[in-house]
Every structure is written in C-alpha cells, then in structure tokens.
Protein chains: 2
Amino acid sequence: MRQYFLILADAELELVPTRIVGERCVLNSARARNKVPEKMMLDASHHHPAFGKLPDGDRRGRPDIAHMFLLLSLDSDVNAEGRLRVFIHTRNDDVVAVKPETRLPPNYIRFVGLIEQLFDQHVVPSRENALLELRQKVPLATLVEALKPDSVIVLDPAGERTPLEGAIASAEGERVVIIMGGFSKGTFSSDMRKLKARRISLGERMLKVWTVSSKALRALEAGESVPEPSPKPTKKKPAKSTAKKSSGARRARKKPEA
Amino acid sequence: MRQYFLILADAELELVPTRIVGERCVLNSARARNKVPEKMMLDASHHHPAFGKLPDGDRRGRPDIAHMFLLLSLDSDVNAEGRLRVFIHTRNDDVVAVKPETRLPPNYIRFVGLIEQLFDQHVVPSRENALLELRQKVPLATLVEALKPDSVIVLDPAGERTPLEGAIASAEGERVVIIMGGFSKGTFSSDMRKLKARRISLGERMLKVWTVSSKALRALEAGESVPEPSPKPTKKKPAKSTAKKSSGARRARKKPEA
C-alpha cells in the first residue's frame with residue numbers, strides 16, 4: 001500500500017521577526033491579544049504596515065494558508081486510510097510534522113494560538129501526545145531525503161502540463177512525496193534542483209494554495225484508480241517498513257483535540 | 001455551456017440571537033471587538049458557553065464553514081470560467097448571493113467583519129458594486145425554484161452511493177443546482193422533499209464541509225469530461241437566456257476587494 005507525504009514548502013509561517021517587534025502595529029496586536037510580540041505569529045492582516053521593512057514583504061505572514069492546507073489534508077480520504085503524512089516547511093526551514101489523527105481547531109484564531117504554543121514549546125499538546133512537532137533548521141531537501149521517497153512530484157506552475165492523477169499513477173515505488181508551495185506570490189525560495197523531482201503544472205491560471213491542496217488531495221484519491229502505464233520494474237521498499245508506517249498512521253480518533 | 005449553481009444550505013451563519021445577547025461571553029466578545037452584541041455573527045468559538053440556551057446549540061455559530069466554502073468555490077476552475085453561481089442559505093432562511101468576481105478576505109476575522117456589514121446593510125461593499133447581497137426570508141425551495149434548474153443534486157450521506165462526477169455528467173439540461181449542507185452535525189433542517197432532487201452520497205465517512213466543497217468542485221470540473229450515458233432528449237432552455245447568464249458571470253478581476 002502506497003504511502004504519500006504531502007509537503008507545504010516555503011510556507012509563510014513564522015514568528016514576528018526581531019526587526020519589527022517594536023513597530024506600532026505589532027505592539028498593538030500584542031496588547032490586544034495579551035501576548036509578548038516576539039512570541040506571536042507574523043500575520044499580514046495585522047502587521048502589514050510594518051512589512052515595508054521586511055524582504056519579501058508582499059508575501060509574508062500567512063498562517064491562514066497553512067491552516068486551510070492542514071484542514072483539507074487531515075480530512076482527506078487518504079489521511080483517513082492512514083496513507084498520508086503531512087508536513088509544513090517554512091521560509092525559515094522550520095518543519096511542522098502533523099500526526100494523521102490530529103483534529104485541528106477550525107477557528108483561525110485558535111489555530112494561530114496553537115501554532116504559537118508549538119513555536120514556544122516545540123511540541124503540542126504535550127511530549128507524551130505529540131500531535132504537532134516542530135523541528136528547526138531542516139532545509140526542504142533534508143526533509144525530503146529523510147522521507148526516503150521512491151519518487152518526488154513538485155507542483156510548479158513552470159512544470160510539465162499533464163494531469164496530476166496520471167503523474168501520481170505512474171510515479172515509481174511505494175513512498176511518494178508531493179510538494180506544493182505555501183505562499184501566495186512568487187516562486188519557491190528553497191533550492192528545488194537538489195530534489196530530482198518531476199515538476200507538474202496544474203494549469204495556466206494562478207491558483208490559491210487551498211485550490212492546489214484540494215486538487216492535489218483529490219488527485220491522490222483518484223490517482224490509484226487511474227490505469228497505470230505498462231508496469232516498469234520499480235525499486236520496492238521492503239514490505240515490512242511500509243506496513244509499519246501505515247499501521248502507525250491508522251486513525252485513532254480518540255478525540256485528542258489539539 | 002452549462003451553468004452550475006452551488007448552494008450551501010442550512011448554513012450555521014446568523015447574528016447573535018436576541019435570547020443570548022446579554023450573556024457574559026457575548027458581552028465580552030462584543031467589548032473586545034468594539035461591536036454592538038446584536039450586530040455580531042454568532043461564533044461557536046467565542047459564544048459557546050451560552051449555547052446551552054439555544055436549540056441545536058451543538059451545531060450553531062460556524063461562520064468558518066461558510067468562509068472555507070466561499071474561498072474554495074470562488075477560486076474554482078468553473079467559477080473562473082464564469083459557469084458557477086454561489087449561494088449561502090442559512091438556518092434562518094437568509095440567502096447570501098456572491099458575485100463570481102468577488103475576492104474575499106482570506107483572513108477569518110476580516111471575513112466575519114464583512115458578513116456583519118452585509119447583515120447590517122444588506123449589500124457590500126456598496127449598492128453600485130453589490131458583490132455580496134443578502135435576501136431575507138427565502139426558504140431553500142424558493143431559492144432553488146428561482147434558479148429555474150433543469151436538474152437538482154443534493155449531497156446527502158443518506159443518498160445514493162454513486163460517483164458524483166457521473167451524476168453530474170448525466171444530469172439533465174443546462175442549469176444544474178448542487179446543494180450541500182453548511183453544518184457540522186445532523187441533517188438538513190430545510191424541507192428537502194419539495195426539491196425533486198437526486199440525492200447522492202459521497203461515502204460512509206462523515207466529511208467536513210470543506211472536504212465536501214472540495215470534492216463537489218473537483219467533480220464539477222471533471223464531470224463534463226466523463227462520457228455521458230446514452231443521450232436522452234433533455235428539456236433545453238432557450239440558448240439566449242443561458243448565454244446571457246454566462247457572459248454576465250465572466251471574470252472581471254478588476255481588484256474589487258470586498
């Protein structure tokens with residue numbers, strides 16, 4: 001049984017950078033939320049007035065994108081079947097690993113609070129029940145390598161224009177990594193050349209990240225029912241490791257509201 | 001060219017009911033947001049302590065569901081092609097009509113503010129540029145009838161278990177209404193028997209509304225490429241009316257940030 005790894009890469013998810021902690025809009029939002037400024041997530045809808053002082057100010061501070069991506073991913077069929085692992089990789093090479101059984105708050109403000117707790121404690125809700133885990137200084141290529149993929153697909157507007165379902169169906173092996181951008185503008189800031197990936201475009205129209213997430217998840221669901229092209233001998237992982245992975249990912253659904 | 005109408009029905013979107021405007025949690029959130037309590041949207045994540053005093057208290061106050069539904073719908077391929085109209089119908093028979101070219105705020109708090117403005121003024125941002133419009137006392141059956149559909153599909157866990165793509169491909173006529181529930185628990189509160197609809201189930205697992213939205217939108221995109229079963233003579237609308245609809249819906253994209 002195939003295991004999929006879905007990575008939101010170069011996501012615009014970060015704490016308020018030191019350079020702007022003293023800005024009025026930051027201080028105001030910290031006061032309103034009763035938070036220390038440097039322990040808040042950067043949020044374009046509150047901190048935009050200070051973004052002129054940051055490089056890439058036109059795309060930073062988008063926890064909403066990560067939120068939508070996770071809500072859609074965690075409720076997908078492949079996740080319910082225990083065949084999906086979800087990661088957020090950020091512009092600062094922070095990586096958030098999310099357990100398949102996690103039930104995220106659908107409310108945005110609660111989600112932001114949870115991520116702030118994660119960036120503070122590196123694991124939530126607790127070390128014993130680590131539903132979300134933060135690992136720091138993990139470049140995208142390192143994360144991908146650690147997942148030991150048989151094939152890697154990158155969703156990239158500059159990629160090959162072919163149906164994603166078919167690309168998934170014809171991907172080699174049992175461990176398939178799919179990478180999509182976690183930003184609203186521009187291109188990947190990570191070095192993608194190291195990945196040896198097949199780059200696929202979903203079309204000419206610029207899509208919101210939630211649409212890309214939705215299309216990618218539905219393609220994973222459909223991909224396996226698409227007839228495979230003539231089967232090549234693929235490098236197979238030992239069955240044991242895959243079986244272990246998937247049983248570990250099986251749904252518990254014991255209400256661990258993160 | 002087919003026109004689709006996607007309705008989020010019995011959505012849990014409403015102002016704070018009079019019965020609980022004096023509750024402490026409501027007054028607190030009104031003070032924090034500098035709002036009059038009765039002009040705020042009911043929100044389970046702030047007002048839950050008062051929900052014991054409301055019927056259906058376990059499912060009410062979910063503007064986040066409407067938000068996700070609209071963000072996904074408005075960025076879909078069918079909407080970009082001018083072939084989708086989106087409506088939210090609420091538990092109180094309020095109907096929100098959303099113009100296809102609307103660019104909604106992805107930030108939840110800004111979205112709630114926009115909907116509060118809509119419930120106050122009945123049109124936003126202005127009467128001249130009515131991107132969102134509120135019509136009151138419109139039962140679901142009345143809304144559907146006004147759309148003059150050739151066929152109606154209801155997504156209902158108790159419906160027929162068949163692929164939605166196929167049901168869309170084989171739906172009659174050029175005006176197809178698709179209805180999905182806008183609540184997290186229970187069933188439709190509207191009387192669905194009046195609709196003469198085909199009821200389709202997406203499967204046994206209870207899905208979040210954003211997953212249903214995602215699957216419905218992708219099925220609309222795919223449905224037309226699925227081979228139609230033996231073509232029956234369908235009642236056709238005069239070409240004129242359809243043409244007018246679709247050209248009116250064409251993308252303007254002149255940055256009318258609502």
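Val209(B) belongs to helix 8 of chain B, which spans residues 209-223, in what is a predicted model. Val209(B) counts as buried because 24 other C-beta atoms lie within 10 Å, where the cut-off for a buried residue is 20 or more.

**Surroundings of Val209(B)**
- Once neighbours within four places in sequence are left aside, the residues in contact with Val209(B) are Ile65(B), Met68(B), Phe69(B) and Gly182(B).
- Although Val209(B) and Leu8(B) are separated by 201 residues in sequence, their C-alpha atoms are 9.2 Å apart in space.

**Nonpolar core**
- In soluble globular proteins, nonpolar side chains tend to be buried together.
- Here the largest nonpolar core comprises 138 residues, and Ile179(A), Ala216(A), Ile179(B) and Ala216(B) are those with the most contacts inside it.
- Ala216(B), one of these, touches Leu6(B), Leu155(B), Leu164(B), Ile178(B) and Met180(B) when residues up to four places away in sequence are not counted.

**Helix 3 and helix 5 of chain B**
- The axes of helix 3 (residues 63-74) and helix 5 (residues 108-121) of chain B come within 10 Å and cross at roughly 100°, and the two helices are therefore roughly perpendicular to each other.
- On the helix 3 side of chain B, Pro63(B), Asp64(B) and His67(B) take part, and they meet Tyr108(B), Phe111(B), Val112(B) and Ile115(B) of helix 5.
- By residue type, this contact of helix 3 with helix 5 in chain B consists of 5 nonpolar, 1 polar and 1 charged.

**Relation and contact of the two chains**
- Chain A is superposed on chain B by a rotation of 180° with 0.0 Å of shift along its axis, at an RMSD of 0.0 Å, and that is the relation of a two-fold axis.
- Within chain A, the C-alpha nearest the axis belongs to Ser214(A), which lies 2.9 Å from it.
- Both copies use the same surface, in that 100% of the contact residues of chain A recur in chain B.
- The contact draws 21 residues from chain A and 21 residues from chain B.
- On the side of chain A that touches chain B, helix 3 (63-74), helix 5 (108-121) and helix 8 (209-223) of chain A each supply at least two residues, and helix 8 of chain A gives the most, with 6 residues.
- The residues of that side of chain A divide into 9 nonpolar, 5 polar and 7 charged.

Key
Residues are numbered from 1 along each chain as its sequence is written. Chains are lettered from A and ligands numbered from 1 in the order in which they are written. This is a predicted model: local features need pLDDT of at least 70, side-chain atom pairs count only at pLDDT 80 or more; totals for chains, interfaces and linings use all residues. Copies are superposed by least squares on the C-alpha atoms of residues with pLDDT of at least 70 in both. Two residues are in contact if their C-beta atoms, placed from the backbone, lie within 7 Å. Helices (H or I, at least four residues) and strands (E, at least two) are DSSP runs, numbered from the N terminus. A residue is buried if 20 or more other C-beta atoms lie within 10 Å of its own, exposed if 12 or fewer, and partly exposed in between; C-beta atoms are placed from the backbone. A nonpolar core is a set of buried Ala, Val, Leu, Ile, Met, Phe, Trp, Tyr and Cys residues joined through C-beta atoms within 7 Å. Axes are lines fitted to C-alpha atoms, for helices over the stretch in contact, and angles run from 0 to 180 degrees between N-to-C directions. Angles under 35 degrees count as roughly parallel, over 145 as roughly antiparallel, 65 to 115 as roughly perpendicular and the rest as oblique. Ala, Val, Leu, Ile, Met, Phe, Trp, Tyr, Cys and Pro count as nonpolar, Asp, Glu, Lys and Arg as charged, and the others, Gly among them, as polar.
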